[in-house]
Amino acid sequence: MRRAALQCTAAVLWLLPIGAYPQSPGSAQATGTPQRTVPSQMAPSGVGPVRTLTRAEAEALALKNNPQISVGRLNALVARQYVREQRSALLPTAYLSVTAVDADPGSRLAAGYLNSPTLYSRAAAGASVNQLITDFGRTNNLVASSEFQAKAQDQTAAATTADIILAVDQAFFNTLETQALVTVARQTVDARQTLVDKIQALTNAKLRSDLDLSFTKVDAARANLLLLEAQNNYQAALASLSALLGFSDEQNFQLVEDSSAIDPPPLDPLALISEALVQRPELLSLRDRVQAAEKFGRAEHDLFLPSVTALGTVGIAPARDNHIQSWYGAVGVNINIPVFNGFLFDAHAKTADLQTSIDRQRLTDLQNNIARDVRNAWQDSNRAYERLSVTHQLEQQANLALDLAQSRYNLGLSSIVEFSQAELQKTEADISDTDARYQYRLTQIALAYAIAAPR
């Protein structure tokens with residue numbers, strides 16, 4: 001009687017549907033299901049309270065905390081100070097002087113450069129002003145060059161910001177994808193453990209062989225390995241995201257799914273390439289550097305031209321020799337005409353011209369590379385979009401194949417090998433479908449970055 005009851009119980013267990021293979025994570029999203037967040041069991045332990053995080057919040061945190069963005073902004077501020085340094089040459093220079101001399105009567109200077117030959121005891125104070133009248137455009141060209149350099153540094157800071165935001169978005173979606181794969185792995189573990197329990201009961205009742213039980217246990221062990229790998233990838237992705245957001249340790253983020261619609265990529269890449277050539281900050285930065293090099297080259301050629309400066313000084317000598325007046329003052333103009341300095345100015349001019357040619361070639365190369373990157377990003381996005389429907393069909397067929405394999409196995413028309421293979425194909429199809437959706441999101445982000453699309 002006991003054996004008959006056991007056999008009856010095992011038979012009932014076997015006839016129950018497996019029911020542990022729900023749709024892969026995100027399929028609800030494709031049908032319009034509201035946003036969902038990472039399940040609590042996936043949150044890392046021992047890293048503080050759970051904090052929900054959307055993609056927009058992640059980008060805002062990166063803009064606030066990431067040190068590379070701060071460095072880019074500081075470099076832009078430094079470049080603006082260089083502009084002030086160059087412009088200072090156009091403004092007057094004023095300084096105060098206090099001089100005291102105690103000399104023997106009738107002292108003379110007999111050596112050194114040309115100088116005033118007589119020394120008088122005195123104590124005097126005065127002010128002097130020096131003003132550049134003209135150097136025939138050299139200083140103006142230096143100021144213009146530094147201004148273009150400052151603009152270039154602003155664009156470099158913008159490019160750094162774009163790079164960090166791209167990395168944050170990629171890390172955000174990578175974390176979401178690994179979280180979804182953890183869900184797939186956990187569902188697979190639950191389903192295969194349920195099957196192991198059923199086969200164990202049927203084996204104990206002598207309704208199934210030990211071979212069937214062994215196959216199901218192997219599949220369960222494989223599912224556990226898949227879960228361990230998925231959990232490790234999730235923790236690594238979360239650590240990378242935390243670092244990009246400016247945290248020194250891993251944060252306990254609970255990521256919120258992006259609910260934006262999945263739109264197809266544009267049909268023509270030529271318009272995208274034109275847009276990128278106008279908007280990419282790296283390209284704008286290099287164009288400013290080319291203009292800065294051109295202005296600097298003109299300034300170096302202006303070294304051959306004369307410069308005209310004016311000098312004025314005024315002061316008082318309260319303690320003095322009788323030969324010195326109590327007040328003094330003078331104005332003067334100086335014209336400096338370069339004649340020969342060992343071809344130094346010529347070398348400066350040629351160096352600047354060569355550097356301008358180098359920057360122009362770099363600009364051309366960058367334009368070509370950006371056009372290539374946009375086209376590649378567009379092709380990747382198209383390929384990922386086409387993959388969406390293929391992986392969805394694969395998932396549907398895998399679900400159908402698993403149902404048929406289970407039915408055949410229940411009726412004794414197939415072996416456990418066929419059923420196990422159907423389970424494996426089901427798991428692979430779920431993983432492929434999950435990966436396809438997130439990979440398309442990533443290609444959309446990469447394409448928007450390639451054309452510097454406004455956020």
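Visitor: Is Phe343 buried or exposed?
Guide: Phe343 is exposed, at a relative accessible area of 59%; exposed means over 50%, buried under 20%, partly exposed in between, with a 1.4 Å probe and protein chains only. This is a predicted model, where local features need pLDDT of at least 70, side-chain atom pairs count only at pLDDT 80 or more, and totals for chains, interfaces and linings use all residues. Residues are numbered from 1 along each chain as its sequence is written, and side-chain values use heavy atoms, leaving out hydrogens and water.

Visitor: Where does Phe343 sit, and what is its phi near?
Guide: Phe343 is in the loop between β6 and α9 (344-410). Its phi is near 65°, a positive value in a residue other than glycine. Helices (H or I, at least four residues) and strands (E, at least two) are DSSP runs, numbered from the N terminus.

Visitor: And Phe136, where is that one?
Guide: Phe136 lies in the loop between β3 (122-134) and α5 (138-204). Phi of Phe136 is near 60°, also positive in a non-glycine residue. With 46% relative accessibility, Phe136 counts as partly exposed.

Visitor: New topic: at what angle do α7 and α8 pack?
Guide: About 50°, with the axes of α7 (residues 269-279) and α8 (residues 281-301) 6 Å apart. Axes are lines fitted to C-alpha atoms, for helices over the stretch in contact, and angles run from 0 to 180 degrees between N-to-C directions.

Visitor: Which residues meet there?
Guide: Ala276, Leu277, Val278 and Gln279 in α7 meet Pro281, Leu283, Leu284 and Arg287 in α8, contact being heavy atoms within 4.5 Å.
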